[in-house]
Amino acid sequence: MRIFPIRTIIAIFILLPAMAGCSDEGPGGTPPDDQKPRLTVITSMGGLGDMGYNDLIMAGIMRFYEKNDVRMSLIRAADTADARRAIDTWLAEGGGGAQSLLVLAEDSYAEPLRDRDVSLAPNRRILIFESDGDDLPQGVTSFAIDRYGAAWLAGRMCSEHTSATVLAAMPGNSTLNAAIEGFSDGYADGGGGQAGVMYLADGPEGFDMADSAYRMTGQLDSTVILPLAGGSNNGVYKQAREVFSLTMVIGMDADCSLRCQNVPYSIVVKIDSLAERYLTAWLNGSMAAGHATYGLESGVTDIVTSPYFYTDTDYMEEYYATDPDYWNKARAAHKDEAIRKEREHDTDK
């Protein structure tokens with residue numbers, strides 16, 4: 001288990017300007033550290049540096065930290081057992097002192113809370129990212145991001161393409177399954193047929209296999225790829241950027257316009273803004289317990305088009321070649337339907 005001093009994180013990722021040092025009691029009446037609200041974050045086992053989802057989470061957390069006078073610890077767990085020990089340590093601290101929030105930035109971290117009787121003191125809260133919210137102790141807040149609607153829109157926008165392929169980290173992951181289903185449904189609803197699905201691994205290691213993703217992408221041609229593999233997505237962008245092939249790549253989680261010349265649009269997940277919103281609500285005492293889900297209709301997911309695609313791409317397909325505004329028009333034409341599909345999919349669960 002690694003606990004990173006917050007200034008080390010700032011220096012490494014250059015997310016914030018330099019910050020002033022802390023003292024027990026400043027001239028402006030700053031409270032001593034042990035009276036400040038305390039934020040403990042257990043980051044995803046995939047870690048930072050993926051230039052996607054995990055880095056977006058950290059950007060939102062760091063924006064919150066910059067604006068507020070809180071103590072913060074960042075913990076990177078080596079495995080699930082390591083995460084469980086970190087959770088046990090936090091729970092054992094008891095209920096005295098200032099406000100305290102434990103942020104679990106991966107859905108698998110919820111499991112250690114489901115098999116025990118957890119009673120949280122009024123000043124202590126837990127926030128879990130990407131959890132389904134089932135069987136969690138009282139006082140725990142959780143949220144999930146439904147990628148079905150945005151993925152449906154991504155599939156529908158490229159349904160004139162002769163082939164579509166999902167390259168996913170692993171089978172059986174509910175978050176990935178929703179995105180795979182949405183993309184496949186959108187592609188098929190537009191007349192594109194059945195999208196192919198390929199997996200990097202049988203387990204979570206598939207999220208950290210960029211070299212394998214690079215090689216697998218090299219085996220594909222004349223297709224549009226949706227990468228759903230966390231940090232492994234970097235291998236997909238790298239292959240498509242470095243080696244000429246008749247392959248288009250849809251960006252995932254963040255705007256990937258600058259990651260590869262063959263990205264016409266990206267599915268963006270505004271997890272940075274959502275994380276900052278939840279942390280601010282906690283500090284203000286307004287973070288509600290229970291579960292919430294966000295998606296395309298709420299604006300937490302969306303499609304952004306690349307301003308560089310038509311000038312930088314390696315090749316053009318006939319169906320979009322003559323209209324530089326093709327992707328923007330496709331997004332506008334099908335977004336309302338994608339929101340309806342998202343509602344229907346949510347109702348069917």
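Is the crossing of α5 and α12 right-handed or left-handed? I looked it up first, and the crossing of α5 and α12 is right-handed. For the term I noted that a crossing is left-handed if the near helix is turned anticlockwise from the far one by less than a right angle, and right-handed if clockwise.

**Entry: the model**

I wrote down that this is a predicted model, in which local features need pLDDT of at least 70, side-chain atom pairs count only at pLDDT 80 or more, and totals for chains, interfaces and linings use all residues. Residues are numbered from 1 along each chain as its sequence is written, and side-chain values use heavy atoms, with hydrogens and water left out.

I then checked the confidence, given as pLDDT (the predictor's confidence in each residue, from 0 to 100). The chain has a mean pLDDT of 87, and 88% of its residues reach 70 or more. Residues 2–27 have a pLDDT below 50, and beyond near neighbours in sequence this stretch has 45 contacts in the model. Contact here means heavy atoms within 4.5 Å.

**Entry: α5 and its two partners**

I noted how elements are named: helices (H or I, at least four residues) and strands (E, at least two) are DSSP runs, numbered from the N terminus. Axes are lines fitted to C-alpha atoms, for helices over the stretch in contact, and angles run from 0 to 180 degrees between N-to-C directions.

Helix α5 covers residues 148–157 and helix α12 covers residues 326–348; they pack at about 140°, with axes 8 Å apart. That angle makes α5 oblique to α12. The classes are these: angles under 35 degrees count as roughly parallel, over 145 as roughly antiparallel, 65 to 115 as roughly perpendicular and the rest as oblique.

I listed the residues that meet. On the α5 side they include Y148, W152 and R156, and on the α12 side they include W327, R331 and E342. The residues of this contact of α5 with α12 divide into eight nonpolar, three polar and six charged. In this count Ala, Val, Leu, Ile, Met, Phe, Trp, Tyr, Cys and Pro are nonpolar, Asp, Glu, Lys and Arg are charged, and the others, Gly among them, are polar.

Next I looked at α5 with helix α6 (residues 174–189): their axes come within 6 Å and cross at roughly 35°. α5 passes α6 in a right-handed crossing. Among the contact residues are A151 and G155 of α5, and F183 and Y187 of α6. By class, the contact of α5 with α6 has eight nonpolar, three polar and four charged residues.

**Entry: the sheet of four strands**

I traced an open sheet of four strands in the order β8-β7-β9-β10, with parallel pairing. Two strands pair if DSSP finds at least two bridges between them. The edge strands, each pairing on one side only, are β8 (196–199) and β10 (247–249). From one strand to the next, the twist averages 25°.

How many bridges join strand β7 to strand β9? I found five between β7 (residues 164–168) and β9 (residues 223–228), which run parallel. A164 has V224 as its bridge partner in β9.

**Entry: helices across that sheet**

Helix α7 (residues 210–218) lies across β7, β8 and β9, at about 165° to β7. Helix α8 (residues 233–242) lies across β7, β9 and β10, at about 150° to β9.

I also compared these helices with one another: α7 and α8 pack at about 45°, with axes 7 Å apart. They are therefore oblique to each other. α7 passes α8 in a right-handed crossing. The contact includes Y214 and T217 of α7, and V236 and Q239 of α8.

**Entry: the sheet of three strands**

Last, I found an open sheet of three strands in the order β11-β12-β14, with mixed pairing. Its edge strands are β11 (251–253) and β14 (301–305). The twist averages 15° from one strand to the next. Three bridges pair β11 with strand β12 (residues 265–269) in the parallel sense. G251 has S266 as its bridge partner in β12.
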